[in-house]
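Trainee: Pick one part of this model and take me through it slowly, please. I'd like the helices and the geometry around them first, then the ligand.

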Amino acid sequence: MNGKALIQALNGVYEWVDKRLHVTDLFNHTAGHPIPKSSASWFYVFGSATLLCFMIQLLTGCLLALVYVPSAAEAYTTLEYLTFRQELGWFLRATHYWGSNFMVGIMLIHVTQVFLFGAYKYPREITWMSGVVLMLLTLGLAFTGQVMRFDEDAYWGLGIGAAIAGRSPMIGQQVVNFMLGGPIIASETLSRFFTLHVFVLPGSVLALVALHLRMVLTKGINEYPKPGQIVRKETYDKEYATIIKKEGIPFFPHGIWKDLVAASIVIGGILFCVLMFGPKGPLGEPNPTQIDTVPRPDFFFLWIFAIAALMPDYMETFMLLVAPPIIIGLLFILPFINNTGEKSWRRRPIAVLSVILIYLSLGLLTYLGQTSPWSPDMKAWSGAETPREFVEGRSPLELQGLAVLQNKQCRNCHAIDGIGGHRGPDLADVGTRLTKDQLVRQIIQGGGNMPAYGKNLSPYETEALVAYMVSLHPKDELPARDSTIPATPAPLSVQEGEQHEAVGAH
Ligand code: HEC
């Protein structure tokens, strides 16, 4: 067979397929569709780059699912197997992890660009709204993804999430049950999040991406906005059609090459992080009785963590439960609040200012979430010294209480006279604030961001600990007492003396 005959034969095959699948038509309406020349810009590559990241996540996710077992008993083991034994398993895990970070990051750039270029305005409202839903789904994927590790981080991240959900008025407990598949984090929780992470959320993303791209095709890509070019509902469609007629170029190949360059940069960036930093965790099997862990969500949720820890109690519920729906709602209806007018960011100072403000506060909160003084200081329990006046003159029981305070790593969160962690209150004068009963309750039950130590302390340790803390008060101030009990006539020193004798008898 000579060349000419071969080409003829291939042509025949192509025509046969085309007649049935209409590939030429499909191409002309998708990759071949004309875009404004000005839109073949570097600013317009972030949407396709986000989609690329999603594809990478789909691929690596499917491969990971071949080994991963979503059960509380086995998840951790299978991750360890993937990380340390399976050939290139670590590479898969790292790519999936970094792919998710890149996806969230690039998606945020894409949203910001679309916002600043006024692309959400008439007639691209649905494009924008489907984009907002895609953003939420992506964040959902990121959150459920960190649960898949089912290590300490995931466990505590879930705990914080459940605590937030539990604040819902009236239905708090039901929401928690629904979220965790029961009152506590257990195997059911993992199955639930696994289902969300591998079926529900990716499926929804695929469906919405289809809608999103369909809108991009029917309503066209936003022209590069020029200052002074005003969007009016009456004239915009005609103006856009004129732009396309006058200076429209087919997306393939004129627009796509920039997307391809961006795609290679993204892939290069992910590979760089994979090789430099490797996979994240797993950080050790979750263990609810281990309280010296530093619960830290993945970085894109650190700001929520910071809000939860920084806000005064009465603001917390509002900030965590009421503010997010309002913000999301506003984002969603943005095209209807601001549908026409100027598109260029050069003439929209409020838009630019909002973006700067939002990123500054997110950045600041993330920074605080990372380095905050109120996160535990993990070395304080073995490294922080105890000032002399907090040791001197203490009874043996009290001194043993001090040892418990060190050993149980209370100092990681609690300073004594400024030395130690600052997540909880300084304990230097705790004896003036809380009575013995209140101290016992706080230690056994925890609460207010302090873990419960009930199962981790023997009655004797608790007694010693409380005895020591009761002794923590300035010399000229008495310890706190329960005001519902009339003041005992016996002087305090006598009571203490009795206690010391009791210890001596041990
Ligand atoms: C993970 C950090 C963390 C650890 C570890 C921790 N605490 Fe706390 N603790 C806190 C926080 C936060 C509070 C404030 C609770 C609140 O606001 O209701 C607190 C409150 C207290 C209080 C009440 C103080 C006051 O002035 O109201 C006492 C007493 C206390 N902790 C004792 C202990 C003891 C004893 C240990 C070790 C067995 C310990 N804590 C371990 C975080 C911690």
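Mentor: Start with the UniProt record, an unreviewed entry, which lists residues 42–69, 97–119, 126–148, 193–213, 260–278, 321–338 and 350–369 under "transmembrane region". UniProt positions are in the numbering used here, feature names are shortened, and annotations may be inferred rather than shown by experiment. Bear in mind that this is a predicted model: local features need pLDDT of at least 70, side-chain atom pairs count only at pLDDT 80 or more, and totals for chains, interfaces and linings use all residues. Residues are numbered from 1 along each chain as its sequence is written, and side-chain values use heavy atoms, with hydrogens and water left out.

Take two of those spans. Residues 97–119 are 87% helix and 0% strand, with 31 Å between the end C-alpha atoms. Residues 126–148 are 100% helix and 0% strand, and their end C-alpha atoms sit 32 Å apart. Helices (H or I, at least four residues) and strands (E, at least two) are DSSP runs, numbered from the N terminus.

Now the packing. Helix α5 (residues 89–116) and helix α6 (residues 125–148) pack at about 160 degrees, their axes 11 Å apart. Axes here are lines fitted to C-alpha atoms, for helices over the stretch in contact, and angles run from 0 to 180 degrees between N-to-C directions. So α5 and α6 are roughly antiparallel; the labels are roughly parallel under 35 degrees, roughly antiparallel over 145, roughly perpendicular from 65 to 115, and oblique for the rest. The α5 and α6 crossing is left-handed, meaning the near helix is turned anticlockwise from the far one by less than a right angle; clockwise would be right-handed. Helix α3 (residues 46–65) also meets α5: the axes come within 8 Å and cross at roughly 155 degrees. That makes α3 roughly antiparallel to α5, and the crossing of α3 and α5 is left-handed too.

Some backbone details are worth a look. Pro 123 sits in the loop between α5 and α6, and the peptide bond leading from Tyr 122 to Pro 123 is cis, omega near 0 degrees. Another cis bond joins Phe 252 and Pro 253, with omega about 5 degrees; Pro 253 belongs to helix α11 (residues 251–277). Leu 88, in the loop between α4 (75–84) and α5, isn't a glycine but has a positive phi near 60 degrees.

On to the ligand. It is surrounded by 22 residues, the closest being Cys 410, Cys 413, His 414, Arg 433 and Met 450; a residue is near a molecule if one of its heavy atoms lies within 4 Å of it. By class, the shell splits into 13 nonpolar, 7 polar and 2 charged residues. Nonpolar covers Ala, Val, Leu, Ile, Met, Phe, Trp, Tyr, Cys and Pro, charged covers Asp, Glu, Lys and Arg, and the others, Gly among them, are polar. The helices α17 (430–433), α18 (436–445) and α19 (459–470) each supply at least two shell residues, with the largest share, 3 residues, from α18.
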